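Subject: Structure for your review

Dear colleague,

Please find the sequence and structure below. I would be grateful if you could read the notes that follow with the model open beside them.

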Amino acid sequence: MNFKIDASKSEDNVKSLDEAKESYFSNSKVLDFQNIDQYNDSNNFASFYALNRLSNRLENRASYTQNSQSVILMQKYKKHKMIRTVFFYIYLIITIFQRPTWCNFIDYQEYCSIYNGQKIPTMVDFYLPINLYYCVEILIILYLCLSKVFKATIIGSENKKRFAIAQLIITILIIINDIIVMIQENNSQINISLLMKPILIVLQKRTLRSTIFHYCQIINKGKEIYYLMIFSLTFFAGLGSAIFQQKDNISQEIIILFVLQTTVNSPDIYLPYYGESRAYVAYFILFQFINTILIINLVLAFFYSSYKDLMHKETKQILSKYNHRFSMKTQKFFRNRTGSDITRLADISSLDNVISRSIYQILDNKFYEIFIEIISSLSFIMIFLTITKVKLYILLICNSIMFGECLLLLYYTGKRRIWRKKSLIIEFFFSSSILFLIILNILGYNDQKILLILLCYRLLRGCKWLLKNKSFTILIISITSIFQYIVQLFGALFILFMLFTAVGQLLFGGKIFFSDENQVHYELANFNDFLSGMCTCWFLLIINNWNVISFNYAKIFNSDLVYIFFISFYILVVLFTLNVTMALLIEYIVQKINVKNQTDISSSEPQDEMLSNQQPLK
């Protein structure tokens, strides 16, 4: 009897979980089940992220569906999803116009562009009023924090409650800081608003928390390798001091070797020594072989393999727990298209006019499609030529044809279906804008910059033949289908950018000025405001000449301690985060292409066998 009761309970649980899954399918804008790889559930980051999202939703639903009151509260919480999203992005965007922490009303002008006659380079010339900015910030973070606490209370998970409490503490700290800054009119000695922002975002987003937690686990796990790198740098610094008889500061020698290890401007470092004695080249070859080729690649391999192992382990745990709830169905990402755009927009049987049928057949003709691709490519080529009256008339004819085609497509699509065709709406917007600007230029309007920028859109139509290539289509669809996961993958990179920008603004903000000494103005790579700091982080991410940027800072502040900031950025952001992120993304794309090739080979094999079987019959 008890066995039957348990069986009925388990069936009810499975049914309720199936209902939860169906509810997820009906309510979600992006179907995560499409992104779970049916061949191997642990072999790419998209499957890993999709499984995490699904398991989290099922856990949450299983916890609050046990109480009818919780279900009602959760429905109210979901209704405010759009408001939370808007508030979150406003919180990010207004950071661009936040008055820098160093910019007070005592020492600086209104927009902090000049100090003691020296010009301060910044990216933004307008900052929001202090009271307005911090009042908006307080309202937004209060709403986001209370929403997180409200959700944690409904679900009742201890883990979520801990993060909600941590977010509440950070929110209180930011509010106290903002009130002090408003009272002192941005003349506070310590303004941690920008510094607390990435921490608050991490607490707000579960995916970022898990990614950063994984990175911290791996860094802690492989600390012996990092000790080896430090030991090697110290050893070669001492060896170089002994060989070259230079008694410089050991920290300066380690910094020089670290620059050499990152392969930035290597000849500038070792060629002066190489000129003194050819035998000195052995020292630099040995150093770069051990540190650049072996140790750096060992760190990358360890970090990447450890992250893959974590993905594999957590994926197995999720599947073992929820495998009976995940129905792995093959999703058809795209269908074979045999006709042109017009055949997918209209039905020829609905055209009761002979003229309409004739126009339809022209637009559906293969040669007409080739003709449109040619004139689209011709419009794009005009960007590289000097625009004259004759060329403007050529552009007018070409784009008038494409605009007329767009109008016909709109007519055949119908009023009811037009808003579903986003590509057609975009085509109409660009075609009408391009045609309008061409007419203005013919009439005497001389500014052609906007017109040339819009003409770049014509390359998309001119290269439409690429969409007929199945491999290219699979590549595009594979990338676009996991776009939200790509954003999540690069989310940790963005958070580190924000963190280093905040620290850089606290350390170096307002202390970098314009200089006429150098033709290449490296002082533009500064942390004077948020956008400047983010751009500087991007320059450092590309690696090239990061040593020149850091040297300028060390020269201005007359301290080698400045290098700790830049070396930390290289290790955390470039060496770990960027390389692993790109490796995961490349692996996913290559895997998708390989699966497609294997599918093509397997589909062709039966045909080959059939042909071989038919030959003896002849």
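The notes below begin with the basis of the model and then turn to what was found in it.

This is a predicted model, in which local features need pLDDT of at least 70 and side-chain atom pairs count only at pLDDT 80 or more, while totals for chains, interfaces and linings use all residues. Residues are numbered from 1 along each chain as its sequence is written, and side-chain values use heavy atoms, with hydrogens and water left out.

Overall composition

The protein chain contains 25 helices and two strands; helices (H or I, at least four residues) and strands (E, at least two) are DSSP runs, numbered from the N terminus. Of its 618 residues, 42% are buried. Here, buried means under 20% relative accessible area, exposed over 50%, and partly exposed in between, with a 1.4 Å probe and protein chains only. Among contacts (heavy atoms within 4.5 Å) with a separation of 6 or more in the protein chain, 74% are between residues 24 or more positions apart.

Aromatic pairs

A pair of aromatic rings is described by the distance of the centres and the angle of the planes. A search of the whole structure gives 39 aromatic pairs. Rings of Phe, Tyr and Trp (its six-membered ring) pair if their centres lie within 6.5 Å; planes under 30 degrees apart count as stacked, over 60 as edge-to-face and the rest as tilted.

One of these pairs is formed by Tyr49 and Tyr485, which is tilted, at 6.3 Å centre to centre and 45° between the planes. Because Tyr49 belongs to helix H2 (residues 45–64) and Tyr485 to helix H21 (residues 483–489), the pair ties together parts that are 436 residues apart in sequence. Tyr49 is buried, at a relative accessible area of 3%, and Tyr485 is buried at 0% relative accessibility.

A tilted pair is also formed by Phe508 and Phe527, with ring centres 6.1 Å apart and planes at 45°. Phe508 is in helix H22 (residues 491–508) and Phe527 is in the loop between H22 and helix H23 (530–542), so this pair ties together parts that are 19 residues apart in sequence. Both Phe508 and Phe527 are buried. The two belong to a cluster linked by ring pairs, together with Phe497, Phe500, Tyr553, Phe557, Phe565, Phe566 and Phe569.

Phe557 of this cluster lies in helix H24 (residues 546–557) and is partly exposed, at 25% relative accessibility. Not counting residues up to four places away in sequence, Phe557 touches Leu507, Phe508, Lys511, Ile512 and Val562. Its C-alpha atom is 9.0 Å from that of Lys511, a residue 46 positions away in sequence.

Charges over rings

Two cases may be of interest to you. Arg99 lies over the face of Phe105, 4.1 Å from the ring centre, and Lys197 lies over the face of Tyr91, at 4.3 Å from the ring centre. A charge sits over a ring if NZ of Lys or CZ of Arg is within 6 Å of the ring centre and within 35 degrees of the ring normal.

Packing of H7 and H8

The axes of helix H7 (residues 193–204) and helix H8 (residues 206–221) come within 5 Å and cross at roughly 105°. Axes are lines fitted to C-alpha atoms, for helices over the stretch in contact, and angles run from 0 to 180 degrees between N-to-C directions. H7 and H8 are therefore roughly perpendicular to each other, a term that covers angles of 65 to 115 degrees. On the H7 side, Ile201, Val202, Leu203 and Gln204 meet Arg206, Leu208, Arg209 and Ile212 of H8.

Backbone and strand details

Most residues other than glycine have a negative phi. Ile543, although not a glycine, has a positive phi of about 80°; Ile543 is in the loop between H23 and H24 and is partly exposed, at a relative accessible area of 21%. Asn558, also not a glycine, has a positive phi of about 55°. Asn558 lies in the loop between H24 and helix H25 (562–617) and is exposed, at 71% relative accessibility.

Finally, Tyr115 lies in strand S1 (residues 114–115) and is partly exposed, at 26%. Tyr115 touches Asp107, Tyr108, Ile120 and Phe513, not counting residues up to four places away in sequence. The C-alpha atoms of Tyr115 and Gly510 are separated by 8.6 Å, and the two residues are 395 residues apart along the chain.

Yours sincerely

Technical notes:
Parallel < 35°, antiparallel > 145°, perpendicular 65-115°, else oblique.
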